[in-house]
Amino acid sequence: MSIEKFMRDAVTPWMTAYGEHSDIVMSTRIRLARNLTGYRYPIAFTEEEAMAVDRAVTGVLLDTMQSGYSYTKMSDLPALERQVLVEKHLISPQLAIPDRHGAVLLSADETVSVMVNEEDHIRIQCIYPGLQLEDAYKQADQVDDYLEKELPYAFDEDFGYLTSCPSNTGTGMRASVMMHLPALTMTKQIDRIIPAISRLGIIVRGSYGEGSEAPGNVYQVSNQTTLGKTEQEILTDLGNIASRLIGHERKSRELLLAKSRIALENRLFRSLGTISYARLLPSGEAARCLSDVRLGIDLGIIQDVDMSILNELMIFMQAGFLQQYASTELSQEERDIFRAKLFRERLNVDKSSPPTEINSEE
Amino acid sequence: MNCENCKERPASITIKQESVIGSLERHLCEKCAFQSQTFHFDPNQEPLSIQQFLSHWFSGSDPFQAQPQTRGEPLEGPECPACGLTFPKFLDIGKFGCADCYDTFRGSLPQVFGKLHNGHSTHTGKVPVSFNELYAVKKKIEEIRVKMKEAVEAERFEEAAALRDEANTLKQHLSYGGEDNDVD
């Protein structure tokens, strides 16, 4: 089964390759919500309807598309592997609930994932590294065009694409960029920026979605409005906000460096020490240290450590991945031990061989 | 100096607002300052969920009273024929049950969308190609129907018959595309 492959080479393109402004923007994601006419939405549908939707969507993508999609039904997948897909941001937590008839179609390079019977019948998702709003949208749009030719979409002249949640109606598009903003966080500017931005129809939140804190100073910036604006307008607005945030973050970094270089260096190197030598590494501390180390790399203070370390380890330090890596279930404390081990190995591997060899013992 | 907000009470508090564009100083009275603080400056407050948002909004002030809606529907409103959802239930769960809900609640939706999408309630983005084609054919049939009626009224029955055949052919195209439409 091809899901094995996904698990084995756990590094997904959006974690490794670099796009524009990749020192600050970790990834760009576009999500399109679509529904078919003639079937009720997952919140209200019967099992028969669920199966029919699944067959229709899967048929189109598997039979005719050249790019090699692989199909995975959620109810066929062990809980741990579902969790790993969530942690890699390839599926949503909601899709992972097994008794909801959800399934996912993943492209071979994991750039595109089409979720079937999530909150809507179809959720097309595209993740790119760095800031690549236009390219990511183009790709998602292509998949959408392809599906649209074969499937009767629920669309309304006034309201646009009809979705289950009224907050997605219209374009059905949610565009988001994941940003690493350590300097804005350290200087507490982010607390004032977030409410200001929210008045412009753009939301900023922790990387794990609504109401979550921002572990590792990673924030998700996305559009709130999906109705009354074209896709292009939404992308432009979000792109502008992202550019401003990048500018502010850069300026704050320079300021920190100019004002308190020694204190900053001290903090960053201590964090490098922690993740290089710790024997117990709780997730909160791990995230904080990773953010520091990544900042150190970006500022040229820390050398000989790979740039993708933050993107990768932020993903691999999560419970599902750790257990996958350990190939057994782990308790809280065991996870902290294992996380510390994983970090040490990753940092050592980094000095001798390319970063993708992390699972080379398989 | 009077408060910038209410312009009634004297300004006694200066608030410095930092935004992406720069910082801005606002001179407010105690009352307005308090309100603006509680409204904008609470980073600990989680964003409202859609359900909370909709139910707060509807229970706070009664918008049905304020709205000059002339549909004359009772508060319960119609029930969606496809999934059984009612409007109050929709506000409660914050989700539509199916695409037909949009038709069922059409009159009340611009209000809901306006609140959620910065005052917007009409889609301006992408339109599926298939929908465009379908729409074009429907429009064509509509035109033919008008001509047909004129022909019948002018007692040009032969022409009317030809038009009817044309409409029927188009109609077949439509049902081919998955949607049936009544021409006659």
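**Note on the predicted two-chain model**

1. In helix 9 of chain A, the buried residues are A:Leu264, A:Leu268, A:Ser271, A:Leu272 and A:Ile275, where a residue is called buried if 20 or more other C-beta atoms lie within 10 Å of its own, exposed if 12 or fewer do, and partly exposed in between, with C-beta atoms placed from the backbone. Seen down the axis of helix 9 of chain A, these buried residues fall within an arc of 100 degrees, so they line one face of the helix; the arc is that of the directions from the helix axis to the C-beta atoms. On the other side of helix 9 of chain A, the exposed residues are A:Ile262, A:Ala263, A:Asn266, A:Arg270, A:Gly273 and A:Tyr277. This helix covers residues 261-277, and its 17 residues reach 24 Å from first C-alpha to last, close to the expected 24 Å at 1.5 Å a residue, the expected span being 1.5 Å times one less than the number of residues.

2. On conventions, this is a predicted model, in which local features need pLDDT of at least 70 and side-chain atom pairs count only at pLDDT 80 or more, whereas totals for chains, interfaces and linings use all residues. Residues are numbered from 1 along each chain as its sequence is written, while chains are lettered from A and ligands numbered from 1 in the order in which they are written. Helices (H or I, at least four residues) and strands (E, at least two) are DSSP runs numbered from the N terminus.

3. Chain A holds 13 helices and 10 strands, and 49% of its 362 residues are buried. Of the contacts in chain A between residues at least 6 apart in sequence, 68% join residues at least 24 apart, a contact being a pair of residues whose C-beta atoms, placed from the backbone, lie within 7 Å.

4. Eight strands of chain A form an open sheet in the order 2-3-4-5-1-8-10-9, with antiparallel pairing; two strands are taken to pair if DSSP finds at least two bridges between them. Strand 2 (70-73) and strand 9 (202-206) of chain A stand at the edges, each with a single partner strand, so one side of each is left without a neighbour in the sheet. From one strand to the next the twist averages 20 degrees, with axes fitted as lines to C-alpha atoms (for helices over the stretch in contact) and angles running from 0 to 180 degrees between N-to-C directions. Helix 8 (residues 231-259) of chain A packs on the sheet, touching strand 1 (25-34), strand 8 (173-180), strand 9 and strand 10 (218-223) of chain A, and its direction makes about 10 degrees with that of strand 8 of chain A.

5. At the strand 2 end of the order, four antiparallel bridges join strand 2 of chain A to strand 3 (residues 103-106) of chain A, and A:Tyr71 stands opposite A:Leu105 in strand 3 of chain A. Strand 3 of chain A is covered on both faces, with A:Ala103 and A:Leu105 buried on one side and A:Val104 and A:Leu106 buried on the other. Strand 3 of chain A also forms a hairpin with strand 4 of chain A, with five residues between them, and A:Glu110 in the turn has a positive phi of about 65 degrees.

6. Strand 8 of chain A is mostly covered, since eight of its eight residues are buried. Seven antiparallel bridges join strand 1 of chain A to strand 8 of chain A, and five antiparallel bridges join strand 8 of chain A to strand 10 of chain A, where A:Tyr219 is the bridge partner of A:Met179.

7. A:Leu147 lies in helix 5 (residues 133-150) of chain A and counts as buried because it has 22 C-beta neighbours inside 10 Å. Leaving aside neighbours within four places in sequence, A:Leu147 is in contact with A:Val60 and A:Ile122; the C-alpha atoms of A:Leu147 and A:Val60, 87 residues apart along the chain, are separated by 6.9 Å.

8. Between the chains, 35 residues of chain B are in contact with 43 residues of chain A. Helix 6 (109-116) and helix 7 (129-153) of chain B each supply at least two residues of the side of chain B that touches chain A. The buried residues of helix 7 of chain B are B:Ile141, B:Ile144 and B:Met148, and just after this helix B:Glu155 takes a positive phi of about 60 degrees.

Conventions
Contact = placed C-beta atoms within 7 Å.
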